[in-house]
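Here's a quick look at some helix packing and charge pairing. Have the model open while you read.

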Amino acid sequence: QLRYVLELGAVDLAVPHATEAQVVELRRRATDFERIASVHGHSADADQLDLAFHCVFLDMTGNELIAGMHRVLSDYFLASTVADPKPGEDAQRAIREHHLIVEGIERGDRDLVRNVLRAHIEGTLN
């Protein structure tokens, strides 16, 4: 729930402040996640890449406190995926959602980013 609040709250800062280099990096992170998760599902390596994707997203806010808070909580977020692993079928959904988030940022579409991110993180709340 903390991740949900943090990331959804960051949308209005991240989308308009994202630099071209950050968008390229976010796309690369989405592709790296896809490469691993499409074969191995939500493995430890895939979860590391997933978290890196979300760190880049929060870096886009331009706010060191927001980005830093996520980095501080990263170990906790990773530990929660080990304690409550997701089935492999969720990996395909997460892959699609990462790419949609990047597309929304590229288009400057805050609503798309917010809606996809909401669904993406709500999937981890259950």
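Is Arg27 buried, partly exposed or exposed? Arg27 counts as partly exposed, at 26% relative accessibility (buried is under 20% relative accessible area, exposed over 50%, partly exposed in between, with a 1.4 Å probe and protein chains only).

A caveat on the source: this is a predicted model, where local features need pLDDT of at least 70, side-chain atom pairs count only at pLDDT 80 or more, and totals for chains, interfaces and linings use all residues. Residues are numbered from 1 along each chain as its sequence is written, and side-chain values use heavy atoms, leaving out hydrogens and water.

Arg27 forms a salt bridge with Glu106 at 2.9 Å, N to O (a side-chain nitrogen of Lys or Arg within 4 Å of a carboxyl oxygen of Asp or Glu). Glu106 sits in helix H5 (residues 89–107) and Arg27 in helix H2 (residues 20–40), 79 residues apart; helices here are DSSP runs of H or I, at least four residues, numbered from the N terminus. Glu106 is partly exposed too, at 47%.

## Other salt bridges

The whole structure has 12 salt bridges. Another one joins Asp12 to Arg114 at 2.5 Å, N to O, linking helix H1 to helix H6 (residues 110–125) across 102 residues. Asp12 is partly exposed at 37%, while Arg114 is buried at 17%.

Asp32 is buried at 15%, but Arg35 is exposed at 51%.

Definitions and conventions
Helix = DSSP H or I, 4+ residues; strand = E, 2+ residues; numbered from the N terminus.
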